Amino acid sequence: MFLVKAEKVATVQKPKFGKGVIIGENVEFGKDVVIWNYVVIGDNTKIGDKTKIGSFCDIGKNVDIGKNCMIQAHVTISNGCKLGNNVFIGPNSSLLNDKFPHSKCLTPTIIKDDVVIGGCVTILPNVTINENSVIAAGSVVTRNVPPNTIVKGVPAKPMMTREEYEMRRKRFIKAKKPKNLVP
Ligand SMILES: CC(C)(COP(=O)(O)OP(=O)(O)OC[C@H]1O[C@@H](n2cnc3c(N)ncnc32)[C@H](O)[C@@H]1OP(=O)(O)O)[C@@H](O)C(=O)NCCC(=O)NCCS
């Protein structure tokens, strides 16, 4: 990998970069992308409009990340993984690509649109998380997740539907008084 410092990247609209960002060759950024501190991005990776990448993330080669995604700190996205639009990934989560290291037979993870992945989640190689699903914090996902499904645990198993999750989410937000919210 030929690495350049972020300040040398020439794109139509340069992303907002923090300190210590290292970018490979042929990396493409959409509009209004934000990359926080000490992030590494591999060759030929694409990052869509309005996506934000938190500090200390390791984004591999040939990764596609869609528009309006939020990738929190210390996330690893292995070579070749594909993410749709509006994907959220909580801190310390990993998307893997090599089931039997070092097999050199890479089978990257695929994350479809509007998926929410909690913190400290591991998605095993060759797994697809389908649209609108949610992975609970700390889960290890070993099988494909159908659309609109919330899964939890090790190995991850269905817990509820996205509809039920949204009902619980609204109830949770309504119950919180502004003074109790952490800014
Ligand atoms: C999935 C989630 C939304 C469920 O919240 P909830 O609907 O309020 O669920 P509850 O807390 O009522 O728990 C229901 C049951 O699931 C279990 N459970 C909840 N979250 C779990 C998790 N992450 N892993 C394993 N079990 C879990 C609870 O222990 C409880 O089990 P029980 O019925 O045997 O007692 C939430 O637990 C979660 O993981 N959120 C993601 C948080 C996160 O990673 N944020 C990242 C940004 S900071």
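**A tour from the ligand to the sheets**

Begin by selecting the ligand and the residues that surround it: Gly 90, Gly 118, Gly 119, Ala 136, Ala 137, Gly 138, Ile 150, Lys 152, Gly 153 and Arg 168. The model in the viewer is predicted. Coloured by class, this shell divides into 3 nonpolar, 5 polar and 2 charged residues.

Next, select helix H1, residues 162-175. This helix lies across strand S20 (134-135), S22 and S23, and runs at about 60° to S23.

Select strand S22, residues 149-152, together with S23: the two pair in the antiparallel sense over 4 bridges. Within this pair, display Val 151, whose bridge partner in S23 is Pro 158.

Now extend the selection to the whole sheet. It is an open sheet of 9 strands with mixed pairing, in the order S2-S5-S8-S11-S14-S17-S20-S22-S23. At its edges are strand S2 (16-17) and strand S23 (157-161), each of which pairs on one side only.

A further stop is the open sheet of 6 strands, ordered S4-S7-S10-S13-S16-S19, where the pairing is parallel.

Which residue of S10 stands opposite Ile 47? Displaying the pair shows Ile 65 in that position.

Definitions and conventions:
Residues are numbered from 1 along each chain as its sequence is written. This is a predicted model: local features need pLDDT of at least 70, side-chain atom pairs count only at pLDDT 80 or more; totals for chains, interfaces and linings use all residues. Two strands pair if DSSP finds at least two bridges between them. Two residues are in contact if their C-beta atoms, placed from the backbone, lie within 7 Å. Axes are lines fitted to C-alpha atoms, for helices over the stretch in contact, and angles run from 0 to 180 degrees between N-to-C directions. A residue is near a molecule or strand if its C-beta atom, placed from the backbone, lies within 6 Å of it. Ala, Val, Leu, Ile, Met, Phe, Trp, Tyr, Cys and Pro count as nonpolar, Asp, Glu, Lys and Arg as charged, and the others, Gly among them, as polar.
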